[in-house]
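Some comments follow on one helix and its surroundings. Please read them alongside the model.

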Amino acid sequence: MSDAVFSSVMDRGAGRRVLLSLKGQSKTALIQELTDLCRQQQKTLWVLPERGGVLSHLKAWENIILPLHYHTSLTLEALNLRLSQLCPVWGWEAESLATWLGCLPVNLSHSQHHLCVLIRALLCPADVVVVEASFWSAFPAEVSERYQQQFLQHIQVQSSVWLEWVE
Amino acid sequence: MGAMSFTSLKPPVSLPHYRWHTVLWASWRDLPALRRPAVWRVWQKQVYFSGIESLPVISLIAVGLGLIVVNQIHFAFGTAIESTLEMTARLLLSELAPLLTCIFMIARSSSAIASELAAMRVNHEFTVLEQMGIAPSAYLLMPRIWAFTFSGAALAVYLLLLTLLAGAIYAVGFEALNELGVLLSRIPLSLFAVFMGKILIFAYAVAVVSCHCGLSVHLDWTAIPVAASRAVLRCLATIFLFDGLWAMLSRLTEATI
């Protein structure tokens, strides 16, 4: 994606959804290119990848609050409050979340790992959001569809472009 | 199924290469980022891991060192108590305390920093940070380097005081605190300046070398232990080289004066 194409995508305005069909290495290359372009233009980019996406030396809750903690002056208490406000909206039980939020990513299950990435994306709005279609497959079938729909609504409100891979 | 190409297994995008002077420059350029709570937290955590968690072992080393040095100087060579303690203090301030503290920190924290950074690099976690709009140098390198330097200085002061106290208690018993008070008033301030200068420069250099070793890895899991051992060896070489240069410069300065 060239700089000019990226700029035109960014200029399309809020709520616009862009679907890209990419596979394999072109996908990784595009993410890197988008990362570079976002850095140059001081935009934030969320990638909800099939795997990875978290920092291995930080606990799950530290991973979740990191971008907000870095970019804002919110206290840890305020960040925890924001996190707890998400729970009823998304149907999570605070107690069950608390059981794994203190774990390092290596100790998380596949779905907890993805939930960590999802919550982080929900907490801090981004300019560009990239979702791998296979990201949702980590969740049980009964909630996966609901999560996708809720996330779509959330992203359309908060972000300017939504890029999704359809493989 | 098509033939597998080994080249396809290589990472498609190359990460930026961090040179040692890039790390050095980042540690100063990104210093204002310490005002951010998230970065300040990294600094605090590094001080905890490198400094506070080291206290039990460094205490043991300090007590042992105090006993050994006083034993050698006073009991083996038969010098007076005052001279023994003064020689111990001068030895510690000019050489032993900065050097031993750095060697201890290299063994304990340098390899940990290098392997942690190497693992993050291999995992492409630097890219994750960039995607969040977080500069890896400001979040990962700068706070670690300065926390390591601060911990080094604090541990060296602690080692110095505890070694002197242990040595004094061993030599004179309960009069130790009085002896130490008199001793510290006799030591010239320039020696304290040399001590602080050495430990700050050595610890800073060790931190930069450790970070650089962690960052300059190939994107391969086998590179992580290599980075850790390389960090230890390079840091040791660096501080002995710096100490040698310091000795040469001191001699040259004295000769000139």
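1. How many of the 14 residues of α6(A) are buried? Eleven are, so α6(A) is largely enclosed by the rest of the structure; buried means under 20% relative accessible area, exposed over 50% and partly exposed in between, with a 1.4 Å probe and protein chains only. The model is predicted: local features need pLDDT of at least 70, side-chain atom pairs count only at pLDDT 80 or more, and totals for chains, interfaces and linings use all residues. Residues are numbered from 1 along each chain as its sequence is written, chains are lettered from A and ligands numbered from 1 in the order in which they are written, and side-chain values use heavy atoms, leaving out hydrogens and water.

2. The buried residues of α6(A) include H113(A), H114(A), C116(A) and R120(A). Their cover includes β2, α3, α4, α5 and α7 of chain A, and also α5 (125-131) of chain B. Helices (H or I, at least four residues) and strands (E, at least two) are DSSP runs, numbered from the N terminus.

3. The axes of α3 (residues 60-71) and α6 (residues 110-123) of chain A come within 8 Å and cross at roughly 25 degrees. That makes α3(A) roughly parallel to α6(A), a term for angles under 35 degrees.

4. On the α3(A) side, A60(A), N63(A), I64(A), P67(A) and L68(A) meet C116(A), I119(A), R120(A) and L123(A) of α6(A), contact being heavy atoms within 4.5 Å.

5. In chain B, Q131(B) lies in helix α5. Q131(B) counts as buried because its relative accessibility is 9%.

Conventions: Axes are lines fitted to C-alpha atoms, for helices over the stretch in contact, and angles run from 0 to 180 degrees between N-to-C directions. Angles under 35 degrees count as roughly parallel, over 145 as roughly antiparallel, 65 to 115 as roughly perpendicular and the rest as oblique.
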